[in-house]
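Colleague: I'm new to this one. Could you walk me through the side-chain contacts?

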Amino acid sequence: MSILTQAKFHPSPQHQLHTSHSPILRTAVHCSATTTTKPKPNPKKLVLQPQIQRLEPPPPLLPNPTRPQLKDPSLLSTWSHRAWVASGCTTVLVSLAKSITCAANSHMWAEPILAGLVGYVLADLGSGVYHWGIDNYGGASTPIFGAQIEAFQGHHKWPWTITRREFANNLHALARVVTFVVLPIDLVCDDPIVNGFVAVCSGSIMFSQQFHAWAHGTKSRLPPLVVALQDFGVLVSRSQHSAHHREPYNNNYCIVSGVWNEFLDKHKVFEALEMILFFKQGVRPRSWSEPSSEWTEENETTSQLTAQ
């Protein structure tokens, strides 16, 4: 903007006779403005081209690789499994036969029978101690027991799988141990009391996994004799063992007859052992942490029915 000042002299009407004039200031204002205009967009460059996207179907849901399937090959028996179960049963039957024969020759029946009963009771206790140990300590890489530990952890995650395992698949690991332990005793011992104890105790331990599987079965699917033995407390019952798979997951470990479960849980024997191991070795049992489990009584029954 520029401002220009000009001075002009006009004669006053009252002083026309005078020669002097008074100046009058007038201001002229000139405005100059510059405007900038944006270039108009080229309409040819604003052509909208529709983009067509194909809706691809979602990928199929893959089964969880860690979750066992109903027809999982790992649940089937192999000839190796059957051979070990056969050898285990043979060593147990040999020990039982020697006990009966020696007892008949010596006319001594009460002692071998009593020894067999003691073997049965101690087998239940042994199953509980072993079950507690592999449930709470070690892992898949643990020497000797690693495979059993891994199997039991999988069982706690999917308990229904034990009802789908074939007979020899379920028993072969214990049958192998029984074979190596009992066979030397059969070869060197002819005492009816010792043979009676060994036969019943080792046989109960070897078949404890089958008793365990029956404890996960439904009453309608189990043989009537098995249901009767469970009801009489000869075999671990379904209701008793189901408590093992519910919080706090630290009871009812025995899986032969379950006769020791009440005593061990009431006196907190395993909890005391856990505290000793924790303070002496600094090892925490798994039962102190809430395990990841999909087990409920309802979904186990459903799984068994859908597996048919």
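Colleague: Which residue does K268 form a salt bridge with?

Modeller: K268 pairs with E271, and their closest N and O atoms are 4.0 Å apart. A salt bridge here is a side-chain nitrogen of Lys or Arg within 4 Å of a carboxyl oxygen of Asp or Glu. Keep in mind that this is a predicted model, where local features need pLDDT of at least 70, side-chain atom pairs count only at pLDDT 80 or more, and totals for chains, interfaces and linings use all residues. Residues are numbered from 1 along each chain as its sequence is written, and side-chain values use heavy atoms, leaving out hydrogens and water.

Colleague: Is K268 buried, exposed or partly exposed?

Modeller: Partly exposed, at 47% relative accessibility. E271 is partly exposed too, at 29%. Buried means under 20% relative accessible area, exposed means over 50%, and partly exposed is in between (1.4 Å probe, protein chains only).

Colleague: How many salt bridges does the count come to?

Modeller: Two. K98 also forms one with D190, with the closest N and O atoms 2.8 Å apart. K98 lies in helix α1 and D190 in the loop between α5 (167-188) and α6 (192-215), so this pair ties together parts that are 92 residues apart in sequence. Helices are DSSP runs (H or I, at least four residues), numbered from the N terminus.

Colleague: And what about burial for K98?

Modeller: K98 counts as buried at 18% relative accessibility, while D190 counts as exposed at 52%.

Colleague: Switching to rings: how many aromatic pairs are there?

Modeller: The count is 10. Rings of Phe, Tyr and Trp (its six-membered ring) pair if their centres lie within 6.5 Å; planes under 30 degrees apart are stacked, over 60 edge-to-face, and the rest tilted. Take W132 and F270: their ring centres are 5.3 Å apart and the planes are at 20 degrees, so that pair is stacked.

Colleague: Where do W132 and F270 lie?

Modeller: W132 is in helix α2 (residues 110-136) and F270 in helix α10 (residues 269-281), so the pair ties together parts 138 residues apart in sequence. Both W132 and F270 are buried.

Colleague: Which residues form an aromatic cluster?

Modeller: W132, Y137, Y253 and F270 form one.

Colleague: What sits over the ring of W79?

Modeller: The charged end of R82, 4.7 Å from the ring centre. The rule is that NZ of Lys or CZ of Arg is within 6 Å of the ring centre and within 35 degrees of the ring normal.

How values were computed: Helices (H or I, at least four residues) and strands (E, at least two) are DSSP runs, numbered from the N terminus.
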